[in-house]
Amino acid sequence: MGILTYRFIRTVEIEDRSLAHLRNVIHSKLRRGESFAFSWEVSVDRGSGRNSIWLGPDIPIVFEFFDAREIPLNSRWLRELARSANSPSGLVLTPEPAAPASPEG
């Protein structure tokens with residue numbers, strides 16, 4: 001379980017694999033100087049519901065991973081998250097889609 005820290009005052013626990021994909025998309029947006037909303041669902045064991053924060057180049061965020069290994073990224077999920085981040089509703093954490101089947105050689 002990783003942690004995203006927002007403005008040094010809010011922490012969000014996110015599974016490492018999801019956090020690695022979010023980091024990639026968020027870094028891409030912030031590198032271009034873009035601001036956007038990020039939303040996620042809260043699990044039932046934490047009270048359920050939905051949360052949303054505003055991200056921008058001037059807002060400090062920290063990504064902490066508990067697994068030291070680099071996580072291989074699913075390009076299909078990255079595209080879906082990036083498309084979401086560029087929409088009016090902003091980046092929404094969605095479940096990982098199945099990776100595209102690799103051609104048999």
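Predicted model: local features only at pLDDT ≥ 70, side-chain atom pairs only at ≥ 80, totals over all residues.
Arg69 forms a salt bridge with Asp67, and the closest N and O atoms of the pair are 2.8 Å apart. Asp67 counts as partly exposed, at 28% relative accessibility.

In total, the structure holds 7 salt bridges. Side chains of opposite charge can pair when their charged atoms come close.

| Salt bridge | Closest N and O atoms |
|---|---|
| Asp67 and Arg69 | 2.8 Å |
| Arg32 and Glu34 | 3.0 Å |
| Glu70 and Arg23 | 3.4 Å |

Glu70 and Arg23 form a salt bridge with a closest N and O distance of 3.4 Å. Glu70 lies in the loop between β5 (61–64) and α2 (75–85), and Arg23 in helix α1, so this pair ties together parts that are 47 residues apart in sequence. Glu70 is exposed, at a relative accessible area of 64%, whereas Arg23 is partly exposed, at 24%.

Arg32 and Glu34 belong to a network of salt bridges that also links Lys29. Arg32 is exposed, with a relative accessible area of 51%; Glu34 counts as partly exposed at 25% relative accessibility.

Asn24 is placed in helix α1, which covers residues 16–31. Its relative accessible area is 30%, so Asn24 is partly exposed. Neighbours within four places in sequence aside, Asn24 is in contact with Leu73 and Leu78.

Terms used
Residues numbered from 1 in each chain as written. Heavy atoms only, no water. Helix = DSSP H or I, 4+ residues; strand = E, 2+ residues; numbered from the N terminus. Buried < 20%, exposed > 50% of the residue type's maximum accessible area, 1.4 Å probe, protein only. Contact = heavy atoms within 4.5 Å. Salt bridge = Lys/Arg side-chain N within 4 Å of Asp/Glu carboxyl O.
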